[in-house]
Amino acid sequence: VSFTVILRKKKTGKPTLMYYRLDTPFSVYVEMERQLRDEFGWKPVAKGSNRFHLLLGDRFGIKYQTLLGDEVIGRKQLVNYFAKTHLLTLKSAMVRRIREHSGEDPPSWLPQSYILMNPKEEKSSVEDDKLPPWKRKGNRMPNKNIQESEKDHQQFSQIPDEAKHWILKPSSSCGGQGIFISNSPKEVLQKVRDSPPGSTFITQQYIHNPLLLSGDRKFDLRIWVLLKHPYEIYIFSEGSLRTSSYRYDSDVTNLKAHITNHCLQEQCPDYGKYEDGNEMWYSEFDSWVQREHPTVNDALGNIRSQANTIIKETLAAAQEFIALPESDPPYLPFQLFGYDFLVDADFKVWLLEINGSPASAEKWKSDLVRDMVALAVDVNVERDLSKPHFVKV
């Protein structure tokens, strides 16, 4: 097998830095490739080569065991994902990890949550009586996740109808797909039973008193977080309030009044009526709060402080599984996360979910990616702190 030679020389005599981008569709890493190639002089390697300084991959397609280490290219290879971050970005795994980390004292910022599964039927290609005793159905080690789900199922089924509203979300979905809201645990459990075998969900208490913007519309808050080796956390200085096109009401069948994902809101006839692209920025939100809630002191600062605490606590909950050895890691990972929060009418911040491959608002994408490059990829790129940038916490 032949490999592309990596250390090509420019006229300056400096080695050219090389990257390899797998077929990842995520706009942040497409923009990172553009900047590295067009602005900072990086070069792509041929398809199939493993002699690169940076791998821009899809988080489920990276073969970490094939990375070369520093003996071939003279430095550690960079990778745009940490392994095992599914512990935070899959909804059920996130709830499970936070539970295990917090013990008997669940955090106040996580809505009451239950993990529900429609487990696969056990099948074997070999007759059970021909298997070794320890592999027979009655003797197999119980699946911990299924046991936990069964316990949650039992507890959730005891909740009376109409006591609260519940939001059901597939564990691995995105873009608002598969969401169901009901005040009947029986209806929620039926949805789970009707799902394909092997499906996993979380159902959470629906926060019924969200803070509403002009027009009585709901919003959620997206904050971008950069994690880089050795487990350093940086939070982007700008965020996005993603807004609904509809007036918030008690009719939970109109998901577009309750779920503010862009992919749902873009289908609304009033999309963009209130804010361009149904997005509001920190400065606009701060002005609105001061005008509509003048007695609330430093609302934006308080919201961001709560969110920062949640970000640090969730990443701490997974650190022992995600972090690499600090002194001699096999490669140098970094990853961008998109944290989604809800703010209620009392200005309390609730964690909704954590995205492992988030899109960036177009308004901030160039600045966000450039600062990612400067912090995590190429130390020769100068940071411009007069523009929106990441702040270490």
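**Exercise 1.** State what volume the largest cavity has and which residues lie nearest its centre.

*Solution.* Step 1: the volume of the largest cavity is about 310 Å³. A cavity is a set of points, on a 1 Å grid over the protein atoms alone, where a 1.4 Å probe fits but cannot get out; its volume is the space filled by probe spheres set on the points, which are joined across faces, edges and corners.
Step 1: the lining comprises 26 residues, a lining residue being one with an atom within 4 Å of a point. Nearest the centre lie Ile167, Lys169, Ile259, Leu352 and Glu353.
Step 2: at least two lining residues come from each of the strands β6 (166-170), β8 (199-205), β9 (219-228), β12 (332-343) and β13 (349-355). Strands (E, at least two residues) and helices (H or I, at least four) are DSSP runs, numbered from the N terminus.

This is a predicted model, in which local features need pLDDT of at least 70 and side-chain atom pairs count only at pLDDT 80 or more, while totals for chains, interfaces and linings use all residues. Residues are numbered from 1 along each chain as its sequence is written, and side-chain values use heavy atoms, with hydrogens and water left out.

**Exercise 2.** Identify the buried residues of helix α6 (residues 185-193) and explain why they lie on the same side.

*Solution.* Step 1: Pro185, Val188, Leu189 and Val192 are buried, that is, under 20% relative accessible area (1.4 Å probe, protein chains only).
Step 1: these residues lie on the same side of α6 because they cover an arc of only 95° around the axis. The arc is that of the directions from the helix axis to the C-beta atoms.
Step 2: an α-helix has 3.6 residues a turn, so residues three or four places apart point the same way.
Step 3: the buried residues of α6 pack against β5 (113-118), α5 (144-157), β6, β7 (180-182) and β8, where contact means heavy atoms within 4.5 Å.

Notes
1 Å grid on protein atoms, 1.4 Å probe; cavity = no way out; pocket = protein on both sides within 12 Å on 5 of 7 lines; lining within 4 Å. Buried < 20%, exposed > 50% of the residue type's maximum accessible area, 1.4 Å probe, protein only.
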